[in-house]
Amino acid sequence: MKSIGIRALLVSVLLVIGIFCLIPTFSSSPLPGLSNILPEKIHLGLDLQGGIHLVLEVEADKAVENAAETYVEQIKDALRAKKIGFTKVVRTGAWDIEVILPSGEQLNEFNDSIKSDFSWLKPATTETTPEGTRLLLTMDLKKTNDLRTMAVGQALETIRNRIDQFGVREPDIRPEAGDRILVELPGIKDPQEAINLIGKTAVLEFKLVAQNVTDQEIHDNKLPPGAKLYPMRPSDRNSSETKVPLEEKTVLTGQYITDARVGIGGRSFGEAHISLNFDPQGAKLFDHLTSENVGRKLAIVLDGVVYSDPVIKERIPNGTAVIEGSYTDEEAKVLAIALRTGRLPAPVKILEQRTVGPALGADSIKNGIMASAIGGLGIILFMVVYYRFSGAIADMALAMNILFILAAMALVGATLTLPGIAGIALTIGIAVDANVLIYERIREELRLGKTPRAAVDTGYQRATITIMDANVTSLIAALVLYQFGTGPVKGFAVTLSVGLAANMFTAIFVTRIIFDYLLTERRLKELSI
Amino acid sequence: MQLIRPDININFVGMRYKAFMLSGAIILFGLLTLFARGGLKMGVDFAGGTLIQVKFNKPTNPDEIRNALQGIVAHAVVQQIGSKNDNEYLVRTDAIHEELGSLSNQVAEKLSSSYGPGQQVLRVEMVGPKVGHDLRQKALYAIFYALLLIAIYISGRFEFKWTSSLIMGGVLIVGIYLLEAIGLSAVYLIGGALFVTLVLCWFLKLPYALGALLSLVHDILITIGIFALVNKEFSLEVFAALLTLSGYSLNDTIIVYDRIRENRNKDKKVKFSDMINGAINQTLSRTVLTSMTVFFVILCLFLFGGTVIHDFSFAMLIGVVTGSYSSVFVASPILIAYEDLKKKKLPKPAARRAVVQAGDAQPVRNPKKSKKKQPAGQGDAGKSVRG
């Protein structure tokens, strides 16, 4: 049996370490110099500090489809450059490309061209039809997988940038299996704004408004070739949506935007507008566009909706443009960030969302702590009444137990959730169990007439085995919960496991020291139990 | 201070048939309600859908709220929570918003226009079908692994039959892979796993594991039944509570088993059922005390812990009560029943000797077991059953 002194020393050292670990959590004024060694204060889960938890899925398929569309344009350009005639190049199916050559003459040239410039496209079938030679090009698997991974990676970066600019304290943005992204934003005041920002695909396109189209033609949907109807955002909140015919070809895209700022003023006083800056290449394109099309309307299309269609009054050489429209300050801010950080490569879908307002979070902490405190107090009183001085010893062990749980959590960086607080409360209840087992056994032995020392010995001995056995099953449950649980449930499993482990230490080891001290040093003749 | 007299001797074993009937009645009632309602009311975690917790600044009622939300949500279930003065309601609907538009924002706006500004959306939980499916799978695997580990641990620890228990583990895993391959839904998988485990316990002669597992099943069935009766939602937290109370129930059962094992070695002349009764009475003090303390703490959580963990604490409350109840009235009687059945199967002298040897589960074979279990310091006193 180790000497009392050594054991007491060990416990004291652990106690001091424990207290130090908790200083950051309970005091707001940091001690200079110590803040490097001390662990951070205990992390609070989203359910306690409020915030958003989102699981997003990137529709990577769409990204591959979009890529296929780009390849269609690129193939057309390449064929024109190499002077290979073609009747049709178009995307079909999911992301296959159908090519129709007028005749079989240039087939070999075509195949060579594809092999050299578009090595990831393979001609799956080639057939001669009355229209000409028809080929079906498919993308190889490696390419599609690469495109998907890239899409998810890009989405991750874009979302990260957007949230950065939005200004969240400790965001957590992580990729997960299956094209998923996990986003956790603690302490957000307006969750809806953040969600709007994250999901904005922000595809910005400039298109020319089709000329000489009458209202009747719009109504009957009889448009000239190459034109298409687009919905237009109403200029004030009360009118309904209208449709505008635009030329399909996009003359400029948002990829050249270097900056987007929100400004006040503009057409109507007090309404926000967004001013855009283009990079040199974009500025040149914009210059060309505006000088060639003075007098025509240029539609600014965002995510497939026309935001405004001002008339090009003159050539604009300096690469700035303004998007006006009636939106609130918040809408403009969100739009500006989305434009600045670039478009999402593919749409993003919410699979899971949990939002907790800060009010409820604060309430939960308050309630959880109060309930645990009342429970704890009740038990402490009961132990003293039922087991007298030994009860007080058990209470001390209980207090130490709670200290160790919190300190361990701070040390390891575990997160405290509301079920986690419940776990601590549960541990209080179960912790007492260990002591009860020991004390009941001691009482039994005393009734048999054993001396206090022998009774304590036997009591601890027999009870320890039982305590270990019993705690193992609770630990099994906690382990399984940790493995398969999510967020708050994981927090519960952590506090329960740590609590049980700490409990075995305090209830058995620590209380024994005190008993031994009383019996040997103080030569206590009778046990107050 | 003593709550339980040290020389107490309630005839728990004698009451066991009445207890069986009581348990049976509750479980049956619960199961009937379950079928009548078409299964448990699944929370958004498992069934998918949206849950919104709203705090109003003036009193209202579920019908008004439902009407106000008519336009956006066709099918909303509205329920008041917390105390009357809180004016807090839970709005539950199957609709989800996959695009990053917002159901919750629309709801907030609609409520503002119907009730005036100042209605707070406290919390939103939206789970799409994919994640819902994931969570269901996880929950079922959790149950399966918990069952496995518990079965192995108890068999090994109490009957020292580690080999048997590992065999059982192996068979379980293989069995489950086969069942999974057939493509059975996960609920049947769990039922199958349970069935296989119990059958194995029987054949591998593991009455302690059998008793412990059956008392576990008993507790879970009662808890689920009561949830069905009061029509509470079964969410991820409630599931966690269920798993935890399994651990707690086992905890309790092990305490009693431990004492039974100890007594079995001390006095071989005592009748098996008397010995079990004795063990239960000896541990009664501890059982009552612990149950009381845990019950008290959880009651505090239930009453003061706020609305969010309300259902969780409710499940745990039921669990604490049935946990202790099942250790006394389910786990122990099963040991007795097992003994009786064994006696009937072996009407030979060997069996009669087994009876005299105070209920060794293994009639003649393992004398070394008794030696192993002789704890130090227990020397003297042919202690008879406390009475």
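Of the contacts in chain A with a separation of 6 or more, 68% join residues 24 or more positions apart. Bear in mind that this is a predicted model. Chain A holds 13 helices and 19 strands. Buried residues account for 41% of its 529 residues. The radius of gyration of chain A is 35 Å, whereas a compact globule of 529 residues would have one near 24 Å. The C-alpha trace of chain A spans about 110 × 60 × 45 Å along its principal axes.

Now take a piece of sheet in chain A. Strand S4 (residues 96-101) of chain A pairs with strand S3 (residues 88-92) of chain A in the antiparallel sense, over five bridges. Lys88(A) has Ile100(A) as its bridge partner in S4(A). The hairpin of S3(A) and S4(A) has three residues between the strands, and Gly93(A) takes a positive phi near 60° there. S4(A) also pairs with strand S6 (residues 132-139) of chain A, again antiparallel and over five bridges. Here Ile97(A) has Leu137(A) as its bridge partner in S6(A).

Which side chains of S4(A) are buried? The side chains alternate along the strand. Ile97(A), Val99(A) and Leu101(A) point to one face and are buried.

Next, the contact between the chains. It involves 66 residues of chain A and 62 residues of chain B. On the chain B side, at least two residues each come from strand S5 (120-127), helix H5 (129-159), helix H9 (236-266), helix H10 (272-304) and helix H11 (310-345). H9(B) gives the most, with 13 residues. By class, this side of chain B has 36 nonpolar, 16 polar and 10 charged residues.

Strand pairing also crosses from chain to chain. Strand S18 (residues 348-356) of chain A runs antiparallel to S5(B), and five bridges join them. Arg354(A) has Glu125(B) as its bridge partner in S5(B).

Finally, look within chain B. The axes of helix H8 (residues 207-229) of chain B and H11(B) come within 8 Å and cross at roughly 145°. The crossing of H8(B) and H11(B) is right-handed. On the H8(B) side, the residues that meet H11(B) include Gly211(B), Ser215(B), Asp219(B) and Ile222(B). On the H11(B) side, Gly319(B), Gly323(B), Ser327(B) and Ile334(B) are among them. The residues of this helix contact divide into 13 nonpolar, nine polar and one charged.

Notes
Residues are numbered from 1 along each chain as its sequence is written. Chains are lettered from A and ligands numbered from 1 in the order in which they are written. This is a predicted model: local features need pLDDT of at least 70, side-chain atom pairs count only at pLDDT 80 or more; totals for chains, interfaces and linings use all residues. Helices (H or I, at least four residues) and strands (E, at least two) are DSSP runs, numbered from the N terminus. The radius of gyration is taken over C-alpha atoms; the globule rule is 2.2 Å times the number of residues to the power 0.38. A residue is buried if 20 or more other C-beta atoms lie within 10 Å of its own, exposed if 12 or fewer, and partly exposed in between; C-beta atoms are placed from the backbone. Two residues are in contact if their C-beta atoms, placed from the backbone, lie within 7 Å. Ala, Val, Leu, Ile, Met, Phe, Trp, Tyr, Cys and Pro count as nonpolar, Asp, Glu, Lys and Arg as charged, and the others, Gly among them, as polar. Two strands pair if DSSP finds at least two bridges between them. Axes are lines fitted to C-alpha atoms, for helices over the stretch in contact, and angles run from 0 to 180 degrees between N-to-C directions. A crossing is left-handed if the near helix is turned anticlockwise from the far one by less than a right angle, and right-handed if clockwise.
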